[in-house]
Amino acid sequence: MAYQLIREWTGIQQFPLATRTKLIELLGKLKQENVNTLTILVMGKGGVGKSSTVNSILGERAVTVNAFQSEGPRPVMVSRSQAGFTLNIIDTPGLVEGGYVNDQAVEIIKRFLLDKTIDVLLYVDRLDVYRTDNLDKQVVKAITDSFGKQIWRRGVVVLTHGQLSPPDGLNYEDFFSRRSEALMRVVRLGAGIRKQDLQDFAIPVIPVENSGRCNKNESDEKILPNGTAWIPNLVKTIIDLVSNGSKAILVDKKLIEGPNPNKRGKFLIPLIVAFQYLVVKQIQRTIKDDIKKEPKVPWEVRSANPKF
Ligand code: GDP
Ligand code: MG
């Protein structure tokens, strides 16, 4: 693996004391479970707030945020250490270009992740969008095809622009659950999660507000309209996922170069068909032989020999 610069996590000092205390406590819990590293992969469409969310979690401007320009083509991993614990966050460029999932962007991300272990996937979208479409499903499908369905057991849906005023007639909680449900449907369809397996894939949906104008509580923590201090809430959700009994995703050569992890085994289909063909042929041959060996009844002998 290429040399990775790990800097001290100074950004954690930028958080208000209340947030900092909660974060250190949460990381302490992980260390008690002998987890000393956490690698978070951030994915989603362009402009939804992936890079801003990375910066918010770190408490510093580690990656570039851009309102109008498209993002750079390469993923970036930022590593920060705090009291023997290392946090890696991988920011990625958006997967969509010209209305389609850009396969080349997906390939670049996969290659970048080679030999890394993804502990958690943050799938980022905006809260203040009212509709989902087929493209959302395609983005989820591209992620699933790359890393396998199991990545969603380590997935969090992060909804940026969390400090919104819902449209008339809906309160914040109602709006949030409507948007969450719509996105969960997209994830379920795109990842091919069957209804009966939903319990195994209880994917948390977490609102965040990256804007500097985010409201704060009396402890100076950034809060959402429902009063939740969202940074510790997001970090707690991430840490709970790591302890839910599911496996982290090791991105090895087999995963990125082999067959689509969701279709593994499908390459056997031609072999199975060939095998079935041979078995059927063999049965037909046996039946023919049996027929030949059977003594012929007189009318058969007659029709086989026109003289009679
Ligand atoms: P990315 O392309 O997904 O990495 O998105 P960026 O993080 O670069 O953000 C795109 C634009 O949305 C920037 O102008 C950000 O300032 C803005 N933005 C991102 N997250 C939020 C948020 O939660 N609230 C608000 N108001 N703006 C946001
Ligand atoms: Mg970005």
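Trainee: Why is Glu107 called partly exposed?

Mentor: Its relative accessible area is 31%; buried means under 20%, exposed over 50%, and partly exposed in between (1.4 Å probe, protein chains only), so Glu107 counts as partly exposed. This is a predicted model, in which local features need pLDDT of at least 70, side-chain atom pairs count only at pLDDT 80 or more, and totals for chains, interfaces and linings use all residues. Residues are numbered from 1 along each chain as its sequence is written, chains are lettered from A and ligands numbered from 1 in the order in which they are written, and side-chain values use heavy atoms, with hydrogens and water left out.

Trainee: What makes Lys110 and Glu107 a salt bridge?

Mentor: The term requires a side-chain nitrogen of Lys or Arg within 4 Å of a carboxyl oxygen of Asp or Glu. For Lys110 and Glu107 the N to O value is 3.5 Å, so the pair meets the definition. Lys110 itself is buried, at 10%.

Trainee: Which residues are joined with them into one network?

Mentor: Salt bridges that share partners join Glu107, Lys110, Arg111 and Glu257.

Trainee: How do you know that Lys22 and Glu221 form a salt bridge, and what does the pair tie together?

Mentor: Their closest N and O atoms are 3.0 Å apart, so the pair qualifies under the same cut-off. The pair ties together parts that are 199 residues apart in sequence. Lys22 is partly exposed at 35%, whereas Glu221 is buried at 3%.

Technical notes: Helices (H or I, at least four residues) and strands (E, at least two) are DSSP runs, numbered from the N terminus.
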